[in-house]
Amino acid sequence: MKTPVQLSHASRLLNHGPTVIVSTVHEGRRNLMAAAWSMPVEFTPPRIAVVIDKSTYTREQIAHTGTLALNIPCRALADLTFTVGSISGRNDPMPEEDKFERYGIKSFSGAVLGLPLVEDCIAWMECRVISEPHAEQTYDTFFVEAVSALSDTRVFANGRWDMNDSNRPLHTIHHLGAGLFAVASDPVQGKILSDQ
Ligand SMILES: Cc1cc2nc3c(=O)[nH]c(=O)nc-3n(C[C@H](O)[C@H](O)[C@H](O)COP(=O)(O)O)c2cc1C
């Protein structure tokens with residue numbers, strides 16, 4: 001089911017603005033948070049901007065490691081996404097009690113950076129931070145470069161999303177606010193208008 005995505009196609013994973021789950025690990029301690037604010041900023045190399053607030057434990061971890069993973073959740077993971085975006089991992093007493101353990105979230109290791117990736121997501125990117133201290137401090141915006149990308153071929157294959165009636169639980173989610181998500185379920189092909 002999981003297959004590598006060409007890095008030149010990685011921006012397509014985020015083109016339509018899905019909510020993502022940011023995962024990190026520092027000194028054996030893993031963490032997860034939801035992020036609705038991310039977007040591609042360059043095709044090749046695949047670069048992405050993501051907003052990570054100063055109050056988050058995720059941000060503290062990124063400051064140590066300079067790495068993060070973007071996991072793309074689907075409709076079936078709406079509760080998980082809202083939960084990891086509503087509770088901080090900062091005060092978890094031990095690595096054994098991180099958000100993965102507390103909520104029974106299965107993970108696997110990223111191939112390039114060894115970051116913890118959420119098993120039940122539908123696409124994954126491991127990323128290195130591009131140091132931009134002004135953007136980080138002033139706008140809480142991190143610029144990152146994807147160094148590996150994977151997708152679940154049931155919904156993204158050969159560089160394209162295929163969201164249809166047969167794979168509805170795998171469609172991406174888009175945060176409207178307060179835990180309410182819209183689902184990307186109704187693709188429409190745009191055509192160039194004729195001259196009048
Ligand atoms: C759906 C959703 C989207 C969110 N988007 C963002 C975001 O884009 N940037 C951000 O800094 N926080 C965002 N948050 C809030 C963080 O996920 C939240 O503060 C989280 O508990 C931080 O966890 P941590 O302290 O363990 O890192 C979002 C929360 C939810 C529920």
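Me: What percentage of the 196 residues in the protein is buried?
Reply: This is a predicted model, where local features need pLDDT of at least 70, side-chain atom pairs count only at pLDDT 80 or more, and totals for chains, interfaces and linings use all residues. Numbering runs from 1 along each chain as its sequence is written, and side-chain values use heavy atoms, without hydrogens or water. With buried set at under 20% relative accessible area (exposed over 50%, partly exposed in between; 1.4 Å probe, protein chains only), the buried share of the 196 residues is 44%.

Me: What does the C-alpha trace of the protein span along its principal axes?
Reply: Contacts here are heavy atoms within 4.5 Å; among those between residues at least 6 apart in sequence, 64% join residues at least 24 apart. Along the principal axes, the C-alpha trace spans about 65 × 35 × 35 Å.

Me: Which element gives the largest share of the lining of the largest pocket?
Reply: A pocket is an open set of points on a 1 Å grid over the protein atoms alone where a 1.4 Å probe fits, with protein on both sides within 12 Å along at least five of seven lines; lining residues have an atom within 4 Å of a point. The largest one is lined by 24 residues, with Met33, Ala34, Ala35, Ala36 and Gly85 nearest its centre. Two or more lining residues come from each of strand E3 (29–35), helix H1 (57–65) and helix H2 (78–84). The largest share, 4 residues, comes from E3.

Me: Which residue is the bridge partner of His26 in E3?
Reply: E3 is largely enclosed by the rest of the structure, because 6 of its 7 residues are buried. Strand E2 (residues 20–26) runs antiparallel to E3, joined to it by 7 bridges, where pairing requires at least two DSSP bridges. The hairpin leaves 2 residues between the strands, and Glu27 takes a positive phi near 50° there. In E3, the partner of His26 is Arg29.

Me: Is Ser11 buried or exposed?
Reply: Ser11 lies in the loop between strand E1 (2–4) and E2. Leaving aside residues up to four places away in sequence, Ser11 touches Pro40, Glu42 and Phe43. Its relative accessibility is 6%, so Ser11 counts as buried.

Me: Which residue in E10 is the bridge partner of Ala123?
Reply: Strand E9 (residues 123–130) pairs antiparallel with strand E6 (residues 67–72) over 6 bridges, and Asn71 stands opposite Trp124 of E9. E9 also pairs antiparallel with strand E10 (residues 141–152), over 8 bridges. In E10, the partner of Ala123 is Ser151.

Me: Which residues of H1 are buried?
Reply: The cover over the buried part of H1 includes E2, E3, E6, E9, helix H4 (133–139) and E10. Just after H1, Gly66 has a positive phi of about 65°. The buried residues of H1 are Tyr57, Thr58, Arg59, Gln61 and Ile62.
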